[in-house]
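Student: I've got a model open and I'd like to learn how to read its sheet and its ring pairs. Can we go through them together?

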Amino acid sequence: MEADFGESQVLICLMVDYANMAAKEHALLNWIDIATSEEERLLLEELSIREQYVATLLSIRAVGVQGDCRTYSYCVRLSSYQTQPNWNDLATYARLIPRACHNVNCVCYIFGKAVRESVTDVTPTYLTNNILAIFREADYLANKILRDSGCHEKLAQMPIVWIAFTFIAIRVNAFHHASDQSFFDHSFHRIL
C-alpha cells in the first residue's frame, strides 16, 4: 500500500463524522477547510449528525479523469445502517470526498449493513472467457431487474462492477487458480 493510504483513510472518516471531529479540532481538518466552502462544511456537519455513514478506503485503484489526464486513484466505500439510502447525502459525499482527498476518484455505496472492516486482500483475477460470461450474466440480470421495476428509463448509466476481494466469505488458498470456474460461479451467486 502507498504511504498516503493511512492519511487518506483518516481524512474520509473525518468527512463522514465531521460534526464530532470538528469539535475535537483534528489536525487533518485543515485539508477539508481548504477544499470546501463554509456552506459545504455546514452541510457536512448536518449530514454527519443526521445519519452515520461508515467510510473505508479500498486498496484498489479506479480509473478517473482529472483535467485532461487519466488518473488511477483509490475508491471509497460508504455504507450505513439505513435500509433506504439517502441519495442526496451520498451525492454530496461523492462530490466532496474527491475534492478534499485528491488521491480518491471513486465513491461507491455498499448496500446492506454498515461495513467497518477494512479489506486489503485482493484476489488476483484474470480476464478469461469464463469471467466475461459471468460479467455478461450479471449485466443481463441487473438490466432485467431495472426493466422489471420500471427504472430502466430513469438511469443514464449503471456500471456493473465486480471487485475481487476475499471478503465474500470464500477462502482461496495458494493452489486455487483465479480462473477456476467453480470459484467464480460460487462467488457470483453469493454476491447476487
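Student: Which residue is the bridge partner of Leu78 in β3?
Tutor: In general, strands of a sheet pair through backbone hydrogen bonds, either parallel or antiparallel. Here the partner of Leu78 in β3 is Tyr109. Strands are DSSP E runs of at least two residues, helices are H or I runs of at least four, and both are numbered from the N terminus. Keep in mind that this is a predicted model, where local features need pLDDT of at least 70 and side-chain atom pairs count only at pLDDT 80 or more, while totals for chains, interfaces and linings use all residues. Residues are numbered from 1 along each chain as its sequence is written, and side-chain values use heavy atoms, with hydrogens and water left out.

Student: How many bridges join β2 to β3?
Tutor: Five, and the two strands run parallel; β2 covers residues 69-80. Two strands count as paired if DSSP finds at least two bridges between them.

Student: What is the strand order in the open sheet?
Tutor: The order of its three strands is β1-β2-β3, with mixed pairing. β1 (53-66) and β3 are at the edges with a single partner strand each, so one side of each has no neighbour in the sheet.

Student: Which strands does α5 lie across?
Tutor: α5 lies across β1, β2 and β3, at about 160 degrees to β3. Axes are lines fitted to C-alpha atoms, for helices over the stretch in contact (heavy atoms within 4.5 Å). Angles run from 0 to 180 degrees between N-to-C directions.

Student: How many aromatic pairs does the structure hold?
Tutor: A pair of aromatic rings is described by the distance of the centres and the angle of the planes. The structure holds five. One of them is Trp87 with Tyr109, edge-to-face at 6.1 Å centre to centre and 70 degrees between the planes. Rings of Phe, Tyr and Trp (its six-membered ring) pair if their centres lie within 6.5 Å; planes under 30 degrees apart are stacked, over 60 edge-to-face, and the rest tilted.

Student: Why does the pair of Trp87 and Tyr109 tie together parts that are apart in sequence?
Tutor: Because Trp87 lies in helix α5 and Tyr109 in strand β3 (residues 104-109), the pair ties together parts 22 residues apart in sequence. Tyr109 also pairs edge-to-face with Phe111, at 5.2 Å and 90 degrees.
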